Amino acid sequence: MDCKQLDRQYIAGTYRRFDLALTDGAGAVAHDADGASYIDLGAGIAVNTLGYADEGWVAAVTAQLHALQHTSNLYYSTPCARLAEALCRRTGMQRVFFSNSGAEANECLLKTARKYMSDRYPGVRRTVLTLQNSFHGRTIATLAATGQEVFHRHFGPFPEGFDFVAPGDTAGTIERLSQPDVGAILVELVQGEGGVNALPRDYVTAVYDYCRAHDILFLIDEVQTGNGRTGTLYAYEQYGVTPDAFSTAKGLAGGLPLGATLFGEKTADVLGPGDHGSTFGGNPVAAAGALYILDRLDDALLAGVRRRAALVRETLENAPGVRSVSGLGLMLGIESVRPAAEVVEGCRARGVLVLTAKEKVRLLPPLNIPEDLLRQALQILKEELAK
Ligand SMILES: *Cc1c(COP(=O)(O)O)cnc(C)c1O
């Protein structure tokens, strides 16, 4: 049996896959089992920060793999410690907890918020607000935090202590924040799975200011927006806010599973011995990959992200068949006249991989995609959008 048949027979039926089996890749180009090549504008859903098999990244990961693949969190180990230092230096945060995925990084964020509330406001504060149309993960707690009804079907009962407000509704959000049970708010600055919508800056600033004045934790889910994706190392830099804690994952280690929760001044010492843990969290091979990625995410690379983002917008905004372009940096959503699924299939047939988010076509290319390849792919996308 070929891999598609094996997959359909033996892997749990949770994924609707494209009829495509990728075997290998180099940079922004992937190959399938029949030898066809594709310019990949999805990067494994914002994970392959530097595309496939980046030479320096492979070398960094391989060197660590030859030295030591796992230690357990009972022992100190250099890659994880150095990565935490690099993340704190680059962000101004004070401590990091490492896990293996976005959902876990958010779970840690939520546990931290709950402990902060129970330490400081016992019996009073117990609710974490999130936004309608958000996405925070697939575990029971992160589903509960996700503000989309469709994700809640079938899986209740959920843990209590979550409530939802409308993104952009400043008065409504502040009204709910002012209730005595609320101790934290968690936001995605660009709602990714929700349709690639950037939150309005004045909304974020108003909520942030209210939180700071009332000791309500301002938490950010940077799982998808983080690690250079939006044109700055983290998206919050562009909003002029400093979160009390934030989560990240997807692109952090360039293609290896790694999640991180970063703590600022208020939250740095909330979790103590025994409060949280993870067997695989802070894996040295993933940490070595992330150290390499962080090193590459310098000013020049981030300027390149913004330049490529401008190129995409210039090419697609006002193009035939395009209603609007949304998002930030290289996290982009295209509202098309043609159904997004048809555009995706049309592109695939012509050697370009793009994604969808809700009813939009979604682009999350590798941050260093060569500009000639990007232009080539955009030309095909533009033609498919115009059909
Ligand atoms: C992908 C995503 C998650 C979940 O990450 P996993 O690694 O799949 O657990 C959480 N939040 C946001 C904003 C995401 O985009």
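This is a predicted model: local features need pLDDT of at least 70, side-chain atom pairs count only at pLDDT 80 or more; totals for chains, interfaces and linings use all residues.

Student: What holds the strands of a sheet together?

Tutor: Strands of a sheet pair through backbone hydrogen bonds, in either a parallel or an antiparallel way. In this model, seven strands make an open sheet with mixed pairing, in the order E4-E12-E11-E10-E7-E5-E6.

Student: Why is one side of strand E4 and of strand E6 left without a neighbour in the sheet?

Tutor: Strand E4 (95-99) and strand E6 (162-165) stand at the edges and have a single partner strand each, so one side of each has no neighbour in the sheet. Ignoring direction, neighbouring strands of this sheet are turned against each other by 20° on average.

Student: How many bridges pair E4 with strand E12?

Tutor: Five bridges pair E4 with E12 (residues 259-263), in the antiparallel sense. Within E12, phenylalanine 263 is the residue opposite arginine 95.

Student: Which way do the side chains of a strand point?

Tutor: In a regular strand they alternate between the two faces of the sheet. Take strand E17 (residues 360-363): Lys360 and Arg362 point one way, Val361 and Leu363 point the other way, and all are buried.

Student: Which strands pair with E17?

Tutor: Strand E14 (residues 331-336) pairs with E17 over three bridges in the antiparallel sense, with leucine 363 of E17 as the bridge partner of leucine 332. Strand E16 (residues 355-357) is also joined to E17 by three bridges, and these two run antiparallel. There, leucine 355 has arginine 362 of E17 as its bridge partner.

Student: What lies between E16 and E17?

Tutor: Two residues lie between them, and the two strands form a hairpin. Lysine 358, in the turn, has a positive phi of about 50°.

Student: Now the ligand. Which residues surround it?

Tutor: Among them are Ser101, Asn106, His136, Glu188 and Gln224. The shell divides into three nonpolar, six polar and three charged residues. Helix H5 (residues 102-120) gives the most to this shell, with three residues.

Student: How much of the ligand's exposed area does the protein bury?

Tutor: Taken alone, the ligand exposes 380 Å², and the protein buries 81% of that.

Key:
Residues are numbered from 1 along each chain as its sequence is written. Side-chain values use heavy atoms; hydrogens and water are left out. Buried means under 20% relative accessible area, exposed over 50%, partly exposed in between (1.4 Å probe, protein chains only). Helices (H or I, at least four residues) and strands (E, at least two) are DSSP runs, numbered from the N terminus. Two strands pair if DSSP finds at least two bridges between them. A residue is near a molecule or strand if one of its heavy atoms lies within 4 Å of it. Accessible areas come from the Shrake-Rupley method with a 1.4 Å probe; for residues, only the protein chains shown count as cover. Ala, Val, Leu, Ile, Met, Phe, Trp, Tyr, Cys and Pro count as nonpolar, Asp, Glu, Lys and Arg as charged, and the others, Gly among them, as polar. Axes are lines fitted to C-alpha atoms, for helices over the stretch in contact, and angles run from 0 to 180 degrees between N-to-C directions.
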